[in-house]
Amino acid sequence: MLVQTSPALAGHAFPRLKLRYKPSLVQLEGGSLHLPLLDPSMRAMPLTPSKWKERLEARACLDVSSSEMSGRKLLLLDVRNDYEWDVGHFEGAQRPNVDCFRSTSFGLSGEVSDPLNGVDKEKTDILMYCTGGIRCDVYSTILREKGFQNLYTLEGGVSNYLKAEGPAGWVGNLFVFDGRLSLPPATFRRTAACWPSSPSEEEERRWVGRCYACGSEVVELRHRNCANIDCNRLYMSCGWCAEELAGCCCSDCKAAPRLRPLLPGHQRYLKWHVYRDGLLTPAATDADC
């Protein structure tokens, strides 16, 4: 079993330990108990970070004419959510069109926007990746059942790759589902042997996000939750829109009846019921946010 440790940027990232039984680590429409998750032949072949890097480099150097002659293609598939892609992704990966893994439909929808729509299932190598390697591993069984033959996943996900290979082929930060939200690739140096990276290389890999409200460039790749309790959208915002919209993602949410206060800096909201029940006090905000 691959055990990964993840660095905290300031203080303890997980002040409380919770152990819960879950029938499934990921949620899909219709559940996942019917999927052949325990059958190795039905799952994608995992690639070590070094092998994954080799595939990326081969893809970047792939000659179009030779690809057409052989009939083989290589497709990079980001099996995450759209807001995760916005923070950072592998170069060449198409932005997912879902904001919840439960709604992922690659290879199922038949829509033009589906990157797997119309591909040759026998002559296309599909490289799938996600944060820790779980979602893409689970989803590979669905694609296998649909007839896709050449499926590969990134062992340990992006977090394991950044630790082993650095940001080669990666642009931006890595989105994580906790209070840290966004981790720069350099963060993973703390728990791995140093990999070389010059300032010029890091500058070339810098990814500029977009403000959800106005579309302007956002250099700080970090999300915030909409101040409207009934929305709670996770989005990126420029400083001007954050102030102008009072922490909301749009003008409609700004006019909503149940609003939380605009939080400065990297502070996070308390549990939503605190604001719903009117229990918030300045002291609670200072102590817990």
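# Strands, salt bridges and surface charge in a predicted model

Strand S5 is covered on both faces: Asn-150, Tyr-152 and Leu-154 on one side, and Leu-151 and Thr-153 on the other, are all buried. Here buried means under 20% relative accessible area, exposed means over 50%, and partly exposed lies in between, with a 1.4 Å probe and protein chains only. The model is a predicted one, in which local features need pLDDT of at least 70 and side-chain atom pairs count only at pLDDT 80 or more, while totals for chains, interfaces and linings use all residues. Residues are numbered from 1 along each chain as its sequence is written, and side-chain values use heavy atoms, with hydrogens and water left out.

**Strands S4 and S5**

- S5 runs over residues 150-154, and 5 of its 5 residues are buried. Strands (E, at least two residues) and helices (H or I, at least four residues) are DSSP runs, numbered from the N terminus.

**How the strands pair**

- S4 and S5 pair in the parallel sense over 4 bridges. Two strands count as paired if DSSP finds at least two bridges between them.
- Within this pairing, Met-128 stands opposite Thr-153 in S5, and Ile-126 has Leu-151 in S5 as its bridge partner.
- S4 is also joined to strand S2 (residues 73-78) by 6 bridges, and these two strands run parallel. Leu-76 has Leu-127 in S4 as its bridge partner.
- S5 is also joined to S1, by 3 bridges, and this pair runs parallel. Met-45 has Tyr-152 in S5 as its bridge partner.

**Salt bridges**

- The structure holds 10 salt bridges. A salt bridge is a side-chain nitrogen of Lys or Arg within 4 Å of a carboxyl oxygen of Asp or Glu.
- One of them links Arg-43 and Asp-137, with the closest N and O atoms 2.7 Å apart. Arg-43 lies in the segment before S1 and Asp-137 in helix H4 (residues 134-145), so this pair ties together parts that are 94 residues apart in sequence.
- Arg-43 is partly exposed, with a relative accessible area of 29%, whereas Asp-137 counts as buried at 18%.
- Another salt bridge joins the side chains of Arg-80 and Asp-78 at 2.9 Å, N to O. Arg-80 and Asp-78 are both buried.
- Arg-180 and Asp-178 form a salt bridge too, with their closest N and O atoms 2.8 Å apart. Both of these residues, Arg-180 and Asp-178, are buried.

- Asp-86 is in helix H3 (residues 82-87). Asp-86 is buried, with a relative accessible area of 19%.
- Asp-86 and Gly-209 are 123 residues apart along the chain, yet their C-alpha atoms are separated by 6.2 Å.

- Asn-232 has a positive phi of about 60° although it is not a glycine. Asn-232 sits in the loop between strand S11 (224-225) and strand S12 (234-235), and this residue is partly exposed, with a relative accessible area of 34%.
- Ala-246, also not a glycine, has a positive phi of about 55°. Ala-246 lies in the loop between helix H7 (239-244) and helix H8 (251-254), and this residue is partly exposed at 32% relative accessible area.

- Arg-16, Lys-18, Arg-20, Lys-22 and Lys-271 form a positive surface patch. Among them, Lys-22 lies in the segment before strand S1 (45-47).
- Patches are made of residues with over 30% relative accessible area and no salt bridge; like charges are joined within 9 Å, and nonpolar side chains (Val, Leu, Ile, Met, Phe, Trp, Tyr) within 5 Å.
- Lys and Arg count as positive and Asp and Glu as negative, while His and the chain ends are not counted. The place of a charge is taken as NZ of Lys, CZ of Arg, CG of Asp or CD of Glu.
- Accessible areas come from the Shrake-Rupley method with a 1.4 Å probe, and for residues only the protein chains shown count as cover.
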